[in-house]
Each structure stands twice: as C-alpha cells, then as structure tokens.
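Good morning. Please look at the sequence and the model on the screen, and keep them in view while I talk.

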Amino acid sequence: MNGRQLRTRFKGAAVVVAGLLALTACGGGGSDAADASTKGDKGGDKAAATTRSVKHDAGTTEKVPAQPKRIVSVSVTMTGHLLALDAPVIASQATPPSVITDKQGFFTQWSDAAAKNSVKVAYQGFEPDVEKVLALKPDLIIGASSGAENAEKFYGKLSVVAPTLLYRHDDVSWQDLTARLGKDLGLEKRATEVVAAHEKRVGEVKAAITVPKQSAALVRDNQSAMTVFTPESAQGRLLTSLGFTVLEPPAGKGQTQGGRSDFAEFSQEKVAATAKDSSLLFVSHTPEEITAATARPVWKDLAAVKDKRVYDLGLDTFRLDYYSAGNLIDTIEKAFG
C-alpha cells in the first residue's frame with residue numbers, strides 16, 4: 001500500500017471515530033440534559049442540575065435556578081414566607097406605610113428579619129414595576145397569584161426579566177405554602193424545621209391555656225359590614241389547632257374579594273345575630289377600633305361584650321406567615337394562659 005492510500009484510510013478512520021463520539025454524547029442524555037448545565041460538588045464526584053422545572057399557580061416555569069442567589073419578591077405577603085426559609089431575597093415589593101408596616105412599607109412581623117438580611121425595597125405599590133425589578137438583576141422572581149398584589153397579568157413581562165413563580169396564598173395554610181416553597185427552591189430541610197418549630201410551640205401553648213367554652217367568632221370590622229374568617233382560613237386553622245371551636249360564617253353567600261374562600265363579608269346585623277354568645281376575636285385592629293366597633297348598638301348588648309369576652313388578636317394577623325403566626329400564638333397565651 002502506498003503513502004497516498006494510507007493517508008486516505010487514516011482520514012476515513014478519523015471521520016468514523018468523530019461520528020461515534022458525537023453519537024455517544026447525544027445518547028448520554030435527553031433533552032433535559034441539553035437544557036440543564038451541571039456542576040460538581042466539593043469532591044467533584046457528584047453532578048447536580050443547576051436548573052429545574054417548577055409548576056406553580058400561574059403555569060410551569062423552566063430553568064428555575066436549583067440554588068437561586070438573587071430573589072426579588074413582587075409580593076409583600078410572600079416575602080415573609082421566603083425570609084422564614086432563609087431564602088436569598090435581595091428586594092421586595094412594599095406597601096404604602098401604615099400601622100401594620102414599618103416606615104418602608106414592610107410588614108412589622110418580619111421587618112427586623114428583612115433588615116438583618118439587607119432586603120431592599122424593590123418598589124412601592126401593588127402593581128409590579130418591571131423596570132425596577134429588571135435593574136435589580138434577579139435570577140428568580142417570586143410573587144402572588146391572589147390578593148391585592150396578584151401579579152398574574154404581569155407574569156409575561158416578569159418572565160422576560162427572570163424565571164418567575166407565582167403562588168396563591170389565600171386558600172392554603174402558611175405551613176403548606178412553606179413546604180411547597182421549600183420544595184420548589186431546594187430548601188426542603190429548612191421548611192421542615194420551620195413548620196416543626198411552629199407545631200412544637202402550638203403544642204406547648206395548647207397545654208398551657210384554658211379555652212373558652214363558647215365558640216370563637218373571628219371578625220374584622222369594616223364600618224358598614226363585618227368580615228368573618230372561616231374555620232378553614234389560616235387564622236381559623238391556627239385557633240382550631242389550639243383547641244378553639246371557630247364559628248362558621250352566617251348562612252348565605254357573603255361578599256368575597258378576588259374569589260377568596262378564607263373569609264367573607266356580611267352585614268353587621270347578620271354577623272351579630274350569628275355570633276350571639278360567641279367570644280369575639282378581632283383580626284388586625286387597633287384597640288381604639290375594637291372599642292368603637294363594640295360600642296355600636298348592634299354589638300354593645302351581646303353577651304361577649306358584656307362579659308368582656310372580646311379579644312384583640314393583633315394588627316399583624318390578617319396575613320399569617322411564620323412570624324405573624326408566632327405573634328398570634330403569643331397573644332393567645334397571654335389572653336388565655
């Protein structure tokens with residue numbers, strides 16, 4: 001065989017080898033492997049996908065960081081859940097300052113945790129400011145698909161900035177939401193610890209208090225009407241776990257907000273007639289507001305008012321997360337211990 005024939009055979013063999021290598025590389029993983037990059041652990045022996053696919057309440061989001069480092073929350077409600085998980089929140093939506101927030105517009109129950117973690121105000125208001133979110137360079141955006149800060153109609157725009165996850169927080173307990181976030185963010189261990197610490201505290205307080213024999217009416221005064229929280233609300237579930245019997249809302253369909261199932265609004269007269277001898281537990285009021293409400297003709301003659309079975313659950317009890325739930329338990333312990 002002459003030199004020219006050898007060179008021709010060598011080139012042909014090289015082409016075959018290259019083709020086999022390419023086929024091997026393609027056959028080593030499916031479409032997921034093509035989309036997800038990998039990295040080794042400290043020992044370099046294990047490889048873990050750096051992104052994941054997450055199903056949430058506004059759809060399914062691909063390429064969610066398995067270990068996010070720069071989360072922007074576009075829901076001031078969701079921020080409390082994220083902080084309890086020690087998630088890397090760098091900024092959050094804020095509300096206009098009020099009696100339930102600090103001067104920045106962060107809820108008082110977790111404002112200290114936000115300060116400790118150097119969480120910035122992303123923007124103030126309920127509609128996401130997409131440009132300000134973009135400027136923060138998040139690798140993950142988390143928001144709500146219920147409540148005043150519902151961001152579903154901005155989901156498309158936010159998803160262009162970074163992978164975006166939206167969650168309902170009105171029809172689920174904060175414990176279940178914490179567990180879900182823990183799973184979706186790779187923080188399962190921390191989620192389990194948070195819920196376990198809460199359950200331990202519930203057990204301790206339940207054993208230390210004397211629960212009234214009357215049912216508990218969980219109410220919020222709206223001047224012309226009264227909001228009643230159902231036994232299935234976050235507040236209702238917590239009171240039930242402490243041994244209370246939570247009063248069902250009045251018969252008939254009350255006015256709800258955004259399809260919420262955890263509370264409904266009824267006339268003052270209808271709520272008073274239903275409550276009758278129930279103890280009244282006011283959700284998210286100042287003491288002055290509770291005094292004014294129970295002084296009205298429709299309330300002042302109820303047995304609960306005359307027998308001083310009216311209780312202030314605290315200003316931060318409208319939205320329950322790990323922090324506000326803990327504050328509510330402390331309030332119950334002081335009132336009934």
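The second largest cavity is lined by I100, F107, Q109, S284, L315, D316, T317, F318 and R319. A cavity here is a set of points, on a 1 Å grid over the protein atoms alone, where a 1.4 Å probe fits but cannot get out, and a lining residue has an atom within 4 Å of a point. This is a predicted model, so local features need pLDDT of at least 70 and side-chain atom pairs count only at pLDDT 80 or more, while totals for chains, interfaces and linings use all residues. Residues are numbered from 1 along each chain as its sequence is written, and side-chain values use heavy atoms, with hydrogens and water left out.

The volume of this second cavity is about 50 Å³. A volume is the space filled by probe spheres set on the points, with grid points joined across faces, edges and corners. Its lining has four nonpolar, three polar and two charged residues. Nonpolar covers Ala, Val, Leu, Ile, Met, Phe, Trp, Tyr, Cys and Pro; charged covers Asp, Glu, Lys and Arg; the others, Gly among them, are polar.

How many cavities of 30 Å³ or more does a search of the whole structure find? There are three. Helices (H or I, at least four residues) and strands (E, at least two) are DSSP runs, numbered from the N terminus. By class, the lining of the largest cavity divides into seven nonpolar, six polar and five charged residues.

Now the rings. The whole structure has nine aromatic pairs. Rings of Phe, Tyr and Trp (its six-membered ring) pair if their centres lie within 6.5 Å; planes under 30 degrees apart are stacked, over 60 edge-to-face, and the rest tilted. The rings of F229 and F263 have centres 5.4 Å apart and planes at 55 degrees, so this pair is tilted. F229 is in strand β11 (residues 225–229) and F263 in strand β12 (residues 263–267), 34 residues apart, and the pair links distant parts of the chain.

Are F229 and F263 buried or exposed? Buried means under 20% relative accessible area, exposed over 50%, and partly exposed in between (1.4 Å probe, protein chains only). F229 is buried at 1%, and F263 is buried at 5%.

F263 also pairs with F318: their ring centres are 5.7 Å apart and the planes are at 50 degrees, so this pair is tilted. It too links distant parts of the chain, with F318 in the loop between β14 (310–312) and α14 (322–336), 55 residues from F263. F318 counts as buried because its relative accessibility is 18%. R220 lies over the face of F318, at 4.7 Å from the ring centre. For a charge to sit over a ring, NZ of Lys or CZ of Arg must be within 6 Å of the ring centre and within 35 degrees of the ring normal.

Last, helix α4. F106, F107 and W110 form one aromatic cluster. In α4 (residues 108–116), the buried residues are Q109, W110, S111, A113 and A114. What covers them includes α3, β6 (89–94) and α14. Just after α4, S118 takes a positive phi of about 55 degrees.

Definitions and conventions
1 Å grid on protein atoms, 1.4 Å probe; cavity = no way out; pocket = protein on both sides within 12 Å on 5 of 7 lines; lining within 4 Å. Contact = heavy atoms within 4.5 Å.
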